[in-house]
Amino acid sequence: MKPSKRILINASLLALSIAAFASPGAPKPSAELMAAAAKDSKASKKAILVVFGASWCPWCHKLDALMESKEYSKLFTDNYVVVHLEVMERGEKKSLANPGADKLLADLGGAKSGLPFFAVLDSGGKKLADANAMPGGQNIGFPSEPQEIAAFEEILKKTAPRLSADSRSELVEHLKRLAKR
């Protein structure tokens, strides 16, 4: 084979490899993400916060926006190893779901709870708390009602021992202001 043809083939293969690497692929399996979170949790001595959401869920987007906001993202990442999992996707969006996430959602008690649903686990996978903290085991979802905000605050107290009372109060007050809008 001529050197110029070999270079062209190699360049083409390299371009295909780069394109494949750069393009978004299928979501990672939940088991893979949870294994990495458990390892990180053990090393950092932080609990794992697993947040289940879906592309069609407006309350999920509100929770994600809060957790990723400039004001509060550090609060969550300083106190938790955060794992976001997509579940309950349908039709054309089914490919957005993390493989195995629906089963994990069910295993953690959230299959019939609605979205968003979250659970807090220790590094060994033992559940410390979950969003079913409302009376009758109802899901907090995005904490927007006074009872939901109070239940969310109790979960923070229980599962984020490094979180200062001032930081927790600031987040709770922020949620109360959002609820009034």
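This report walks through the fold, the cavity, the disulfide, the ring contacts and the backbone features of one protein model.

## Overall layout

The model is predicted, not experimental. The protein has 181 residues, and 39% of them count as buried. Its secondary structure comes to seven helices and four strands. Read from the N terminus, the elements follow the order α-α-β-α-α-β-α-β-β-α-α. Keep that order in mind, as the element names return below.

Start with strand β1, which spans residues 47-53. F52 lies in this strand. Is F52 buried or exposed? F52 is buried, with a relative accessible area of 0%.

## The cavity

A probe the size of a water molecule, rolled over the atoms, shows where empty space is left. In this structure, one cavity of 30 Å³ or more turns up. The space inside the largest cavity is about 70 Å³.

Which residues line the largest cavity? They are L49, V51, L63, M67, F76, Y80, F118, V120, F152, I155 and L156. What kinds of residue are these? Eleven are nonpolar, none is polar and none is charged.

Several elements contribute to this lining. β1 (47-53), α3 (58-68), β3 (117-121) and α6 (146-159) each supply at least two residues. Helix α6 gives the largest share, with three residues.

## The disulfide

How many disulfides does the whole structure hold? A search finds one. The disulfide joins C57 to C60, and the S to S distance is 2.4 Å. The torsion about this S-S bond is about 80°, so the disulfide is right-handed.

Both ends can be checked for burial. The cut-off for buried is under 20% relative accessible area. C57 has a relative accessible area of 3%, so C57 is buried. C60 has 2%, so C60 is buried too.

## Aromatic rings

The structure holds three aromatic pairs. One of them joins W59 and F142 in a stacked arrangement, with 5.9 Å centre to centre and 25° between the planes. W59 lies in helix α3 and F142 in the loop between β4 (127-130) and α6, so the pair ties together parts that are 83 residues apart in sequence. The two partners can be compared by accessibility. W59 counts as partly exposed, at 40% relative accessibility. F142 is buried, with a relative accessible area of 5%.

Another pair is F118 with F152. Their rings are edge-to-face, with 5.8 Å centre to centre and 85° between the planes. F118 lies in strand β3 and F152 in helix α6, so this pair ties together parts that are 34 residues apart in sequence. Both F118 and F152 are buried.

The table sets the two described pairs side by side.

| Pair | Arrangement | Centre to centre | Between the planes |
|---|---|---|---|
| W59 and F142 | stacked | 5.9 Å | 25° |
| F118 and F152 | edge-to-face | 5.8 Å | 85° |

A ring can also meet a charge. R90 lies over the face of W56, at 4.7 Å from the ring centre.

## Backbone features

Most residues other than glycine have a negative phi, and most peptide bonds are trans.

Which peptide bond is cis? The bond from L115 to P116 is cis, with omega near -5°. P116 lies in the loop between α5 (101-107) and β3.

K45 has a positive phi, near 60°. K45 sits in the loop between α2 (30-44) and β1. Its relative accessibility is 68%, so K45 counts as exposed.

M88 has a positive phi as well, near 55°. M88 is found in the loop between β2 (80-86) and α5. Its relative accessibility is 24%, so M88 counts as partly exposed.

Notes. Residues are numbered from 1 along each chain as its sequence is written. This is a predicted model: local features need pLDDT of at least 70, side-chain atom pairs count only at pLDDT 80 or more; totals for chains, interfaces and linings use all residues. Side-chain values use heavy atoms; hydrogens and water are left out. On a 1 Å grid over the protein atoms alone, a cavity is a set of points where a 1.4 Å probe fits but cannot get out, and a pocket is an open set with protein on both sides within 12 Å along at least five of seven lines; lining residues have an atom within 4 Å of a point. Grid points are joined across faces, edges and corners, and a volume is the space filled by probe spheres set on the points. Ala, Val, Leu, Ile, Met, Phe, Trp, Tyr, Cys and Pro count as nonpolar, Asp, Glu, Lys and Arg as charged, and the others, Gly among them, as polar. A disulfide is a pair of cysteine sulfur atoms within 2.5 Å. Buried means under 20% relative accessible area, exposed over 50%, partly exposed in between (1.4 Å probe, protein chains only). Rings of Phe, Tyr and Trp (its six-membered ring) pair if their centres lie within 6.5 Å; planes under 30 degrees apart count as stacked, over 60 as edge-to-face and the rest as tilted. A charge sits over a ring if NZ of Lys or CZ of Arg is within 6 Å of the ring centre and within 35 degrees of the ring normal.
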